[in-house]
Amino acid sequence: MSAKDKTKKRILSAALELLKEHGYQGTTTRLIAEKAGCNEVTLFRHFGNKQTILEKVVEGQRFGPDLKGIIDQSIEWDLESDLYKIAKGYLDFMRSIEDFVMLGFKEFYKIEELNDEISRGPVEFKLYLTQYFEKMKDRELIIAIDCEQLALHFIWMNFGYFISKARFGDRVTSLPDEAFLKGSVQLFVRGVSP
């Protein structure tokens, strides 16, 4: 990794930490530069402005090649097994960016320019799942159904569980992850199996 790339990474890491601590308004370019161990001129040279830094931070926190690759390697074309792995991978990924997701609800909805970037992750995951369900339908392993709707229902089911646990802990349900994942996947599979 080049020195330039290392500096960019430090700046983005510092920005994410500060956003979690101070929110968007309280995170200044001066604070980011200080935390990253550089000056503001360097920060502006690499990113131009605070908005671009925020866009790059958001970009680094969305469903991407790493999660997709992990899931792809474990696909067996067995609906229950695959959906369990996808749901577990999704939950693990969402937990890894939990602070960022909660920050998004608290802060980022106010910044209209970020909506396209923030929505890119869910859209990519929806497209990924839609393609998976299309292939399962082509193999006649699921019923003839609108695969985009199916993908959305699967995402919402898993996102609902994640956000409930992230926001309320065990107040809404003390159901362990494993029980939720297995039970919801089994129910889902029953609903779409031929």
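**Entry 1. Lys 126**

The model I am reading is a predicted one. Lys 126 sits in helix H8. I then asked: is Lys 126 buried or exposed? Its relative accessibility is 17%, so Lys 126 counts as buried, the cut-off being under 20%. I listed its contacts, skipping residues up to four places away in sequence. Lys 126 touches Glu 148, Ala 151, Leu 152 and Ile 155.

**Entry 2. Ile 86**

Next I went to helix H6, residues 79–96, where Ile 86 is found. Ile 86 has 0% relative accessibility, so I put it down as buried. Which residues does Ile 86 contact, its neighbours within four places left aside? I noted Ile 71, Ile 75, Phe 125, Leu 129, Tyr 132 and Phe 154. I also looked up one distance. Ser 74 is twelve residues from Ile 86 along the chain, and their C-alpha atoms are separated by 9.0 Å.

**Entry 3. Phe 100**

Phe 100 belongs to helix H7. Its relative accessible area is 9%, so Phe 100 is buried. I took a second distance here. Phe 100 and Ile 143 are 43 residues apart in sequence, and their C-alpha atoms are 37 Å apart in space.

**Entry 4. Helix H2**

I turned to H2, which covers residues 29–36. Which residues of H2 are buried? They are Thr 29, Ile 32, Ala 33 and Ala 36. Looking down the axis of H2, I see these buried residues within an arc of 95°, so they line one face of the helix. A rule of helix geometry is worth noting beside this. An α-helix has 3.6 residues a turn, so residues three or four places apart point the same way. The buried residues of H2 pack against H1, H3 and H4. After H2 comes Gly 37, with a positive phi near 75°.

**Entry 5. Helix H4**

H4 spans residues 50–59. I checked what caps its N-terminal end. Asn 49 does: one of its side-chain oxygens lies 3.1 Å from the backbone nitrogen of Gln 51. I then listed the buried residues of H4: Lys 50, Gln 51, Ile 53, Leu 54, Val 57 and Val 58. Down the axis of H4 they fall within an arc of 160°, so these residues too line one face of their helix. What do the buried residues of H4 pack against? I found H1, H2, helix H3 (40–47), helix H7 (98–106) and helix H8 (115–138).

**Entry 6. The cavity**

How many cavities of 30 Å³ or more does a search of the whole structure find? It finds one. The volume of the largest cavity is about 40 Å³. Its lining is made up of Ala 15, Leu 19, Tyr 24, Thr 27, Ile 32, Lys 50, Ile 53 and Leu 54. Helix H1 (3–26) and helix H4 (50–59) are the elements that give two or more residues to this lining. I sorted the lining by class and got six nonpolar residues, one polar and one charged. Going back over my lists, I see that Lys 50, Ile 53 and Leu 54 are among the buried residues of H4, and Ile 32 is one of those of H2.

Methods: Residues are numbered from 1 along each chain as its sequence is written. This is a predicted model: local features need pLDDT of at least 70, side-chain atom pairs count only at pLDDT 80 or more; totals for chains, interfaces and linings use all residues. Side-chain values use heavy atoms; hydrogens and water are left out. On a 1 Å grid over the protein atoms alone, a cavity is a set of points where a 1.4 Å probe fits but cannot get out, and a pocket is an open set with protein on both sides within 12 Å along at least five of seven lines; lining residues have an atom within 4 Å of a point. Grid points are joined across faces, edges and corners, and a volume is the space filled by probe spheres set on the points. Helices (H or I, at least four residues) and strands (E, at least two) are DSSP runs, numbered from the N terminus. Ala, Val, Leu, Ile, Met, Phe, Trp, Tyr, Cys and Pro count as nonpolar, Asp, Glu, Lys and Arg as charged, and the others, Gly among them, as polar. Buried means under 20% relative accessible area, exposed over 50%, partly exposed in between (1.4 Å probe, protein chains only). The arc is that of the directions from the helix axis to the C-beta atoms. Contact means heavy atoms within 4.5 Å. A polar contact is a pair of N or O atoms within 3.5 Å; within protein, one must be able to donate a hydrogen and the other to accept it, and residues adjacent in sequence count only if both atoms are side-chain atoms.
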